[in-house]
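Please examine the structure shown below. The notes after it are arranged by topic.

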Amino acid sequence: MKENVVIIGGGIAGMEAARQLLLLGYHPIVVEQKDRLGGHVGQWHRLFPDMASAQDLIRGLGEEISDANIFLETKVNSINRLRDGYQVMLSNGVNVACRSLLVASGFQLFDAARKEEYGYGVYDHVITNSDLEAWFNGKPDVRIPEVPENVGFVHCVGSRDLKAGNLECSKVCCMTAVKQAIEIKEKFPSARVWCFYMDLRLFGKKYEDFYLGAQQEYGIQFVRGRVSEVGETADGRLQVKAEDTLTGKPLRVRLDLLVLMAGMACNPEMTRLARMARLDIDSDGFLKSLDNIRSINASNRPGIFFAGACTGPKTVPETLAEARAAALDIHRYLQKGL
Amino acid sequence: MTDFGFKLSKSSAVELDKVDTTLFERLCEASPDARICMNCGSCGATCTAGPYSGMSLRKVLLGLQRGQDVRPLLSGCMLCGKCTMVCPRGINTRNLILNLCRIYD
Amino acid sequence: MIYEGKQKIWKDYQKEIPDDHWYYVRSCIRQNFFPASERKFTDITRNDLGKDVYETPYHTTCGGIAYHCDAIPQETAMTIVARQFALMTESGYENYVPSCVTSFGNYVEILETWREFPELETRIREQLWKACRREFNKPKYLAHTSDLIYHWRNEIAEKARYRLIDKETGEPVRMAEHIGCHYAKMFPSKGIGGAEYPYVLAGMIESWGGQVVDYPERRHCCGYGFRQYHMKANRGYCVSNTHKKFESMEPYGIQAILTNCPGCCYFMDRWQYVISEQTGKTYGKDGFGIPVFTYEELAGLVLGYDPWDLGLQLHQVAVEPFLDRIGVEYDPKAKYLGLNKEDLLKPELPTNLKCF
C-alpha cells in the first residue's frame, strides 16, 4: 500500500509536487477549494519568457497526476497531531492519516479596489492584470474598448505598499506588465502604451529582452512615477495623474484603458491553515520557512513542508522548482523520518 | 483688466497624451536607438559639457518626449563621444545628436 | 462610472452619529464669509428638526487657522482645543460638532495625536489648568456639521418645500460636490464615504432630488491653502487651483456646487470673479458663474427659507438663475435690503461675470 501525502492546494505547486510524489511512489491527496485545478496560472493566458500557453501547462500537469487522489471544492477542516504524523479532516467528510503534508496554498491576488484612488470597480475602463489575461483567454470584457488609443499600466498595485499592508515586491508584475503591454500593442498596433513604474524589476531569464523589445519594436513608453489618482472624463475616458520623476514634472494623461498590476497578497486560507497546524508566520505575513536560504521548503513543524507562493511571491518556474524540491524533502523525511 | 497684484500661474504639468512628439518621432526614424534609452544617466555623468552647460543626452531624449525645447541643452555638446563609450545600450549617441541637430535645422 | 462601486466604498466608511444633544462650535471665518449659514444651522436643527443643539458664547477659534498659517505651534492649538472641550464638559454635553472643516480636522488630528501620545494629553491638561483652571472630558462623539445635515438629510427631504429638480424640464439639477481637504484626507476613516469618494455631500444632493456629477478634478483642493493665500505673492497659485477645477468641470454643465468647508465655498465663489477678470471666462450659462453653496444654505433653500435670509446676496456669483431653476420664490428687489429693510446699497458689478 502506497503512503499518503496530503497536498493542500491544487495550483501549479500542488500539481507539480503531486506529479513528483507519484513518480517517487507515494499516494498524493490533493485538496483544492475551487472546482478546478490550476490555481491562478489556470486563469492565465501566456507565460513569459517563452509565451507558453498557461492552459497547456495546466493540462499537461493534470494529465500526469491523474493517478493522484484529487478532492475539488474541498477544504481542510482540521489538522491534528498524531504520534508520528497528522490526522487531516476534510470538509467532504474524508479523514486522512499521513506522516507528511505539503502546504501549497498559494497567494491571493491583491484586491485592487482597496487602492481606492485607482477606481477599480468605480470607473468604466479600469481592469487588473488578471482581468486582462481572462480577456486574452476569450472572456468578454465590456471595460476594454474596441480600439483603445491610449493604454496605461500601473506597476506595484498593492505591492511595495506599506500602507496597504504589503511591503514586499510581488516580483512578477513588472515583467507581466511588459508582457501584457506588448500583447496589447500586438492586438492594437495603433495604441499608445505607457507603463508607470517606481523601479523596473526585470530580474529573470530573458526579462530584459522583453524590456528592450518593448521599447525598440513596440514603442512602449516607460514613465518612472507611481500613478496617484484616476478620474473619469466627460466622454467616459480616464484621466490619470503621476509624476514624471525623471523630469520632476507632474503628468496628466487621458487613457481609454488602465491596467492595474495587482500584486500577490497573503491568502487568508493560508493564515487559517497556519493557525490549525501551528505554523509560524513570517514578518511579511506569509508562511515562515525554517530558513530562507537552505530550507525554504521546511516548516517549524515536523513533516509539514511548503511549496510555492504560500511563503512569498514566486514566479512560475520558481514555484515548480520549489514543488520538486519539496517532494524530494518529503521523500527523504518519510525514508529517514527526519 | 483688474489688477489684483497676482495672476493665474502657468501649470508645469505635462499633458502626456497631448504633447507634440513629432520631433522625437522624426529622430527615431533617423536614429531608432532613441527609443531604447533606459534613463540610467551614464551619458550625463560622463558628459564633458554637462557640469558647465546642463547637457545630458538622457535629458535631451526625455525632454523631447515631454515636448520640451531641448536646443539649449544640445548646444552645449562638444561631440567628444564619451557618452557613446559609456552607454550600456550601445546607443550611437554622436550620430543621434547630429541627426537631432539636423532635424532642428 | 459604476455607481454600485461607489456605494460599496460608501458602505465601508460610515460612522456612528448620535441623533440628538450636540454641543455646537462656530467657525472663526464663516461668520464673515457666509454670515447666515451658522445661524441657519441652529434654526434648521432646532426649529425644523427639533434637535437639542447647544452653544455657549464663551467659545473661541479652535486655533486651526493659525496652526495652518504657521502662526502658532500645534501645542498651542491643543490647549485652545482643550479649553473648548472644557466648555463642552461644563455644559453637560459629550457630542461635539464644529461648523468648520479645518476645525473638524484639527480636532480629529489632536484626538488621534493624544491617543498615540497620552503623555502629550497629560501635559495639555496641566497647561490648561495652569492657564485657566479648567478640566475637560474628551468628546464621546465628534462630527462635522455637514455630517449632521447628512444624518438628518431624509428628515429634511420630508419637510422640503422645494426639490433640486429643474422646474422647466423636470430633470434633476446637475450638481458637483466639493469636500474640504481637512474633512477626511488626513483621516479617511473619519469621513462619511471616506476620502476618495466622500458621500457626505453627495448624500444630501441625492436625498433632495439632485444629481451628483463627478468630474476628473473633483478631489483637487480648492487652492485656498491657508498660509499660501495669506501671502499675496502666493495667491496666483491658489487661484490657479480653482481655475484647474473649473476647467475640469466645464464640459459637464454643472448648475451648482455644494461645499462643506468655509474656505472652499468662499474661494470657489469669489475666484470665479477673479478668473473672469483675468481670462474673460465664466463657467455658468449666459455669462453667469456656477453658484457655490454651503450645505446649510442648500438645506435652507429646500426647506423654503427666504434666500436673502440665508445670506445668498453675499455670494459673488449670482444665485438667481439657480433659484429660478428650482422654482424658489423670492423678491429680487429685496436682495440688498438688510435688517428693517435698510438699504445695504448695491455692490459694483464685475466686468465679465454677470451678476445682479
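Predicted model: local features only at pLDDT ≥ 70, side-chain atom pairs only at ≥ 80, totals over all residues.

Residues are numbered from 1 along each chain as its sequence is written, and chains are lettered from A and ligands numbered from 1 in the order in which they are written.

**Contact between chains A and B**

- The contact draws 16 residues from chain A and 12 residues from chain B; two residues are in contact if their C-beta atoms, placed from the backbone, lie within 7 Å.
- On the side of chain B that touches chain A, the elements giving two or more residues are strand S1 (14-15) and helix H4 (57-65) of chain B. Helices (H or I, at least four residues) and strands (E, at least two) are DSSP runs, numbered from the N terminus.
- That side of chain B consists of 5 nonpolar, 3 polar and 4 charged residues. Here Ala, Val, Leu, Ile, Met, Phe, Trp, Tyr, Cys and Pro count as nonpolar, Asp, Glu, Lys and Arg as charged, and the others, Gly among them, as polar.
- S1(B) pairs in the parallel sense with strand S17 (residues 249-255) of chain A, over 2 bridges; strands pair if DSSP finds at least two bridges between them.
- Within this pairing, B:Val14 in S1(B) is the bridge partner of A:Leu251.

**Domains of chain C**

- Chain C is divided into domain 1 (22-145) and domain 2 (146-341), with bounds that come from an automatic or database domain assignment.
- The C-alpha centres of these two domains of chain C lie 25 Å apart.
- In chain C, 31 residues of domain 1 are in contact with 32 residues of domain 2.
- On the domain 1 side of this contact, H3(C) supplies the largest share, 8 residues.

**Strand S9 of chain A**

- Strand S9 (residues 100-103) of chain A is covered on both faces: A:Ser100 and A:Leu102 on one side, and A:Leu101 and A:Val103 on the other, are all buried (20 or more other C-beta atoms within 10 Å of the residue's own, with C-beta atoms placed from the backbone).
- In a regular strand the side chains alternate between the two faces of the sheet.
- S9(A) pairs in the parallel sense with strand S1 (residues 4-8) of chain A over 4 bridges, and A:Val6 stands opposite A:Leu101.
- S9(A) also pairs in the parallel sense with strand S20 (residues 304-306) of chain A, over 3 bridges; A:Phe306 in S20(A) is the bridge partner of A:Val103.

Note on methods: Buried ≥ 20, exposed ≤ 12 C-beta atoms within 10 Å, placed from the backbone.
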